[in-house]
Amino acid sequence: AAEKVYEAVQKFEDARTAGKTLMEAAKIAGGRVATLPAPVTETGLLPNGQRIGAANLDTVFQAAFALAPGGESDTAEEFGNGEYFAVRVDRVIPAGLPTIAKDRPMLAGAWMGREIDKRMKAKAEELARRISRGESVAAVAASVGGQMRAVPNMTRQPNPALGPLLQEIFLRRTGEAFSGRLPPPQPNAPVAPYAVGRIDAIRTPVPAIAARVVEAQRPQVSDAITRDMAQLASAAAKLRIKPKVRMERVDAAVGITEATPATPAGKKK
């Protein structure tokens, strides 16, 4: 397979040397020609901000941005994994700030989403205060057309439906109210829902569940303890040994020589 690829690369380069265009040389060598669907930045971003979903294209973009408009690679360049590529630049669009008119829909949507989220957060905090003052969760939910649901036997194990709110819940005491943002229903949803609730009871975890949680956290805790011990040992060693850094020896070790200052006229060195 490697020999076949090498032969194809040689055919491509021979055709380019003979004056063939990149497209003609690619056809002679049996290569595959692909055209990007839209202009792309040096980091692989399309005009809508999305990244092109092909792997290892950074090398292609770097080669393309080294060419002028209409420029073509003289020879095939290694793409990795035994693959080679050549690139042609049809046109270059100078970098510049987008116009307000072009980005107005996106900016308006982002502003509206932020304002809605701000008001939803304030409303959720207001409802949590009402629960803290003694109103029932059912009455508070009904006043805003919300849905009430009891969640029994909640544990510290990650819950995709609660996301970061789970940590906030486990910081509360029995009888306390809470509010917080839930994960959005879709990855790109402009607004995320909020939840308001109250801790009815805190119970000792079931030993079997607690054991699983401990075992799951054991590697992270062990690594943290090891790092802390290493830092403490290093600090203690420095206090006992009192090391000094001699930069002239550091420079000598890596081959750096300091320039000799010029001797003023009439003075001996």
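This is a predicted model: local features need pLDDT of at least 70, side-chain atom pairs count only at pLDDT 80 or more; totals for chains, interfaces and linings use all residues.
Residues are numbered from 1 along each chain as its sequence is written, and side-chain values use heavy atoms, with hydrogens and water left out.

E176 has a partner: its side chain meets that of R173 in a salt bridge, 3.3 Å from N to O. The term stands for a side-chain nitrogen of Lys or Arg within 4 Å of a carboxyl oxygen of Asp or Glu. R173 is exposed, with a relative accessible area of 60%. Elsewhere, salt bridges that share partners join R16, E72, R88 and D90 into one network.

How many salt bridges does a search of the whole structure find? The search finds 12. Among them is the pair of E72 and R16, whose closest N and O atoms are 3.3 Å apart. This pair links distant parts of the chain, 56 residues apart: E72 sits in the loop between α3 and β1 (77-80), and R16 in helix α1 (residues 2-17). Helices (H or I, at least four residues) and strands (E, at least two) are DSSP runs, numbered from the N terminus. Both E72 and R16 are buried.

Another salt bridge joins E126 and K123, with 3.7 Å between the closest N and O atoms. Because they are three residues apart in helix α4, E126 and K123 are separated by about one helical turn. E126 is partly exposed at 31% relative accessibility, and K123 is partly exposed at 37%.

Now for the inside. The largest nonpolar core has 11 residues, including V40, I52, F61 and V89. Such a core is a set of buried Ala, Val, Leu, Ile, Met, Phe, Trp, Tyr and Cys residues joined through side-chain atoms within 4.5 Å. Helix α3 (residues 58-64) gives the largest share of this core, four residues. Leaving aside neighbours within four places in sequence, I52 is in contact (heavy atoms within 4.5 Å) with L36, V40, G44, L46, L57 and F61. A second, separate core of eight residues includes L162, L165, I169 and A195.

Notes:
Buried means under 20% relative accessible area, exposed over 50%, partly exposed in between (1.4 Å probe, protein chains only).
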